[in-house]
Amino acid sequence: ARDLFPMPQQHIGAPNSPLFVRSFKHGECNTNHSTSCIKEWTGSTLPVSSGGELFHNLTVRADLLYVYPTLAGGWVLVGEVNKFVPLSAHRFAFGSASATTLEFNVTGTPNEVVMLAVKYPADQHTTTLQLRIGPTGAISAKLAA
């Protein structure tokens with residue numbers, strides 16, 4: 001993780017916990033809301049490839065990588081995998097995390113459906129959830145491990 005500046009605060013209730021990384025360019029992450037491309041970052045350098053792909057007649061040799069800390073209890077809140085900013089501070093407010101629960105708030109348009117990914121602590125499976133924003137423009141979520 002020494003390629004990052006400033007260094008991530010990966011000790012958010014989970015000292016010496018791993019970081020997780022996801023590539024935005026990875027097609028299945030965005031089009032199918034897949035969570036299979038969220039990987040534990042075990043190395044000391046960024047997992048970047050130098051290959052290009054054709055995009056609107058231009059060769060793109062860049063990627064956007066997201067790095068996620070492990071929260072207390074082993075949770076990883078991945079957020080909206082189809083967005084450039086999957087965990088916007090204007091949209092998400094972290095509540096608490098423990099070995100048994102993860103709590104957070106989401107704001108948006110009333111009745112909007114928000115699709116977000118979460119990595120569960122017990123078996124480390126990642127799933128996509130659908131939350132419907134309430135009539136006041138917010139919803140409080142509490143997930144059980």
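Predicted model: local features only at pLDDT ≥ 70, side-chain atom pairs only at ≥ 80, totals over all residues.
Student: What makes Arg91 and Glu112 a salt bridge?

Tutor: The criterion is a side-chain nitrogen of Lys or Arg within 4 Å of a carboxyl oxygen of Asp or Glu. For Arg91 and Glu112 the N to O distance is 2.6 Å, so the pair meets the criterion. Arg91 lies in the loop between β6 and β7, and Glu112 in the loop between β8 (101-107) and β9, 21 residues apart.

Student: Why is Glu112 called partly exposed?

Tutor: The class lies between buried, under 20%, and exposed, over 50%. Glu112 has a relative accessible area of 22%, so Glu112 is partly exposed.

Student: What joins Glu80, Lys83, Arg91 and Glu112 into one network?

Tutor: Salt bridges that share partners join these four residues. Glu80 pairs with Arg91 at 2.8 Å, N to O. Lys83 pairs with Glu80, the closest N and O atoms being 3.5 Å apart. Both distances are within 4 Å, so both pairs count as salt bridges.

Student: Which class does Glu80 fall in, buried or exposed?

Tutor: Glu80 has a relative accessible area of 5%, which is under 20%, so Glu80 is buried. Lys83, at 34%, counts as partly exposed.

Student: How do you know that Val85 is exposed?

Tutor: Exposed means over 50% relative accessible area. Val85 has 53%, so Val85 is exposed. Val85 lies in the loop between β6 (76-79) and β7. With Leu64 and Phe84, Val85 forms a nonpolar patch on the surface, with about 300 Å² of accessible area together.

Student: Why is Asp123 called exposed?

Tutor: Asp123 has a relative accessible area of 52%, which is over 50%, so Asp123 is exposed. Asp123 lies in the loop between β9 (113-119) and β10 (126-132).

Student: How many residues of each class are in the lining of the largest pocket?

Tutor: The lining divides into 10 nonpolar, one polar and no charged. About 210 Å³ of space lies in the largest pocket. The lining residues closest to its centre are Leu71, Leu77, Leu87, Phe92 and Phe94. The largest share of the lining, three residues, comes from β7.

Methods. Residues numbered from 1 in each chain as written. Heavy atoms only, no water. 1 Å grid on protein atoms, 1.4 Å probe; cavity = no way out; pocket = protein on both sides within 12 Å on 5 of 7 lines; lining within 4 Å. Points joined across faces, edges and corners; volume = space filled by probe spheres on them. Helix = DSSP H or I, 4+ residues; strand = E, 2+ residues; numbered from the N terminus. Nonpolar A, V, L, I, M, F, W, Y, C, P; charged D, E, K, R; others polar. Patch = residues over 30% accessible without salt bridge, like charges linked within 9 Å, V, L, I, M, F, W, Y side chains within 5 Å. Areas by Shrake-Rupley, 256 points an atom, 1.4 Å probe, with all protein chains shown as cover. Buried < 20%, exposed > 50% of the residue type's maximum accessible area, 1.4 Å probe, protein only.
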